[in-house]
Amino acid sequence: MMRQCCQRQCCQRQCWRVLASRLLVCGFGLLGVLAMFPVGIAAHTALVQTLPAAGTVVAQPPRAMQFWFTEPIERHLSRIEVFRVVRDPTTDDVTPGQRIDQGWLPGPRAAREVGVRLPEALAPGRYLVQWVVVALDAHRLQGTFTFTYDPSSAPSGS
């Protein structure tokens, strides 16, 4: 009877050692995978820059509204819209007026740099940009900002 008890305890200790070693090997394997692909696992696409930049006043009419992201975005699932601003004189609220963008700039279906064309004869004024993009990793970003085209803001050449 004593012998069966000792064998059972030895068997249990051996099973625990095997289980612990397997868990340790799996843990190190997972850490190895995480170390090899840290950006792909933790990062999402982010907006890096726009041109014209949010809130800026430009003296020359921009030919396009351009966006740069950290990862490629899927154009077919995304949208960038540019509107002339309509300001309510009583509340001073800004709302979208006439849409003026003229479709995507040429480029691949998925890219980090994307944009939409603007009219060649852009009228001076304030413009509202509304955008929603979907990255290849299915991460969705969106935002709204304004920029102003004011030819009188150009530095005078005295």
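Predicted model: local features only at pLDDT ≥ 70, side-chain atom pairs only at ≥ 80, totals over all residues.
The side chain of Arg79 meets that of Glu81 in a salt bridge, with N and O 3.5 Å apart, and Glu81, at 13% relative accessibility, counts as buried. Both residues belong to a network of salt bridges that links Arg79, Glu81, Arg99 and Asp101.

## Other salt bridges

Across the whole structure, a search finds five salt bridges. In one of them the side chains of Arg109 and Glu74 meet at 2.0 Å, N to O. Arg109 lies in the loop between β4 (94-99) and β5, while Glu74 lies in strand β3, so the pair ties together parts that are 35 residues apart in sequence. Glu74 is buried, with a relative accessible area of 10%, whereas Arg109 is partly exposed at 47% relative accessibility.

Arg87 forms a salt bridge with Asp92, and their closest N and O atoms are 3.0 Å apart. Arg87 is partly exposed, with a relative accessible area of 42%, and Asp92 is also partly exposed, with 49%.

## Ser78 and its surroundings

Ser78 lies in strand β3, which spans residues 64-87, and counts as buried at 10% relative accessibility. A polar atom of the Ser78 side chain lies 2.6 Å from the backbone oxygen of Glu74. Leaving aside residues up to four places away in sequence, Ser78 touches Ile73, Trp104, Val132, Val133 and Val134.

## The nonpolar core

The largest nonpolar core has 21 residues, and Phe147 is among those with the most contacts inside it. Strand β3 gives the most to this core, with six residues.

How values were computed: Residues numbered from 1 in each chain as written. Heavy atoms only, no water. Helix = DSSP H or I, 4+ residues; strand = E, 2+ residues; numbered from the N terminus. Buried < 20%, exposed > 50% of the residue type's maximum accessible area, 1.4 Å probe, protein only. Polar contact = N/O pair within 3.5 Å; in protein donor to acceptor, adjacent residues only side chain to side chain. Contact = heavy atoms within 4.5 Å. Core = buried A, V, L, I, M, F, W, Y, C linked by side-chain atoms within 4.5 Å. Salt bridge = Lys/Arg side-chain N within 4 Å of Asp/Glu carboxyl O.
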